[in-house]
Amino acid sequence: MRIFSGIQPTGRKHLGNYIGAVEQYVAGQQRGDGIYCIVDLHAITVPYDPAQLRRDVYDLAAVLLAAGIEPQRSILLRQSDVAEHTELQWLLMSSTAYGELTRMTQFKDKSAQHEFISAGLFGYPVLMAADILLYRTDQVPVGDDQRQHVELTRDVAQRFNARFGEVLVIPEGYYPPVGARIMDLQNPERKMSTTGGSPQGTVYVTDEPDVIIKKFRTAVTDSGREIRHHRDKPGVSNLLEILAAVRSSSVQELEREFDGVGYGDFKLAVGEAVAGYLAPVRERYAQLRADEPALERELERGAQRARGIASETMRAVREAMGVGRRAG
Ligand code: TYM
C-alpha cells in the first residue's frame, strides 16, 4: 500500500499539524510505503519571502525527521525538485471544473485574507491532486481541513479515468480518530493555525516546555466544572482530544481518570503531557537543523527515488491523453 501526504513549509509547525498529520505519517510507515512531500510550490501561492522559504523547507525537513520519518524506509522530498508535479497539475486542470474550484472553502478563506489573489491560489487544489495521483497513492493521511481537497482529488481522478481509461489510482483520505481537528487554545471554535490563530492559543512543536505549559494553563475552558467531551464544551473537548492523542489513550478513559478534578489541575496535566511529548522532538530537531548540507542530501535522495515513480505515471498519463509522441 502506498501512503502519500504533503505539508507546507510555512512558518513553524504547530501541535495541530503534528497530531493531525505528522504523527500519522510516522505511524503510516508501519502500514505501507510512505512518501512525504514538503510542498514549497503550494507555499508560493500567497505572499512570501524567497530566502525565508528556503529556510522554512529545511526547518520542516528537520521537524519531519525528528518526528520519526525514516529516510531509509520512506521517501522525503521537496515538491519543486520533481517537475512532474507541475506537469501533471496542468494536465489535470482540463479534468477539473472551474465551479469545483470556486467551491473550495480554503480558497474562499485564504482569498479573504489577501488583497492580491493569485491564480496559483485558485489552482492550488489541482496541484494537490497532482501530488497525490502522481505516486499512485492508496491512502492520504491528513487533518480534517483537507477533506474537501481529498474529495476533489478523487472526483478529478474518476473523471480523468472515465474519459481517458483506467490510468489513475483513486486514493482514500485517512483521518486520525482523535486529533483530526485541533482547536486554538484561546478560541476553541477555531482550528489551531499559524495564520488565523492567536499566538497564545497556538502551540509550536519547537516551543520550550515552560512556554507550552503556560499556554495550556491559560487555555480557555468554560464556566462549568465537568471534564467531559461534549459539543457545548469545545475548550475542554479540545484538551481531552489533545491529551488522548499524546498519551495514546481514549477520550472515555480520560473522562474517567479526570472525573472530579478541577480545570486548573486538568490544564496543567495536559500542558505537562504535551511538553513531555514534544521535548525529545525539539531536541532532535535542534541537532538535525544544525546540519543543512545533510538535510539537503536527504531531500535530493528522496527526489531521485520519487522521480522514478513519477516519470512512469507521467508516461501513462501522456499516452492516454494523446500528449507528446507515442511511447515506444
Ligand atoms: P498544511 O501544511 O496546512 O497542513 C499540514 C497538515 O496538518 C493538518 N492540520 C491539522 N490537523 C489537525 N488540527 C489542526 N488544527 C490542523 N491544521 C492543519 C492538515 O490537515 C494537513 O494534513 N494542502 C495541504 C498540503 C498538501 C497536501 C498535498 C496534503 C499539498 N499537497 C497532498 C496531502 C496530500 C496543506 O496546506 O497542509
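This is a predicted model: local features need pLDDT of at least 70, side-chain atom pairs count only at pLDDT 80 or more; totals for chains, interfaces and linings use all residues.
Local features here need pLDDT of at least 70, side-chain atom pairs count only at pLDDT 80 or more, and totals for chains, interfaces and linings use all residues. Residues are numbered from 1 along each chain as its sequence is written, and side-chain values use heavy atoms, leaving out hydrogens and water.

Me: What span is expected for α10 at 1.5 Å a residue?
Reply: Helices are DSSP runs of H or I with at least four residues, strands are E runs of at least two, and both are numbered from the N terminus. The expected span is 1.5 Å times one less than the number of residues. α10 covers residues 234-247, and its first and last C-alpha lie 20 Å apart, close to the expected 20 Å.

Me: Is Ser248 buried or exposed?
Reply: Ser248 sits in the loop between α10 and α11. Its phi is positive, near 50 degrees, though Ser248 is not a glycine. Because its relative accessibility is 68%, Ser248 counts as exposed.

Me: Where is Arg136?
Reply: Arg136, although not a glycine, has a positive phi of about 50 degrees. Most residues other than glycine have a negative phi. Arg136 counts as partly exposed because its relative accessibility is 30%. Its place is the loop between α7 (119-134) and β4 (139-141).

Methods: Buried means under 20% relative accessible area, exposed over 50%, partly exposed in between (1.4 Å probe, protein chains only).
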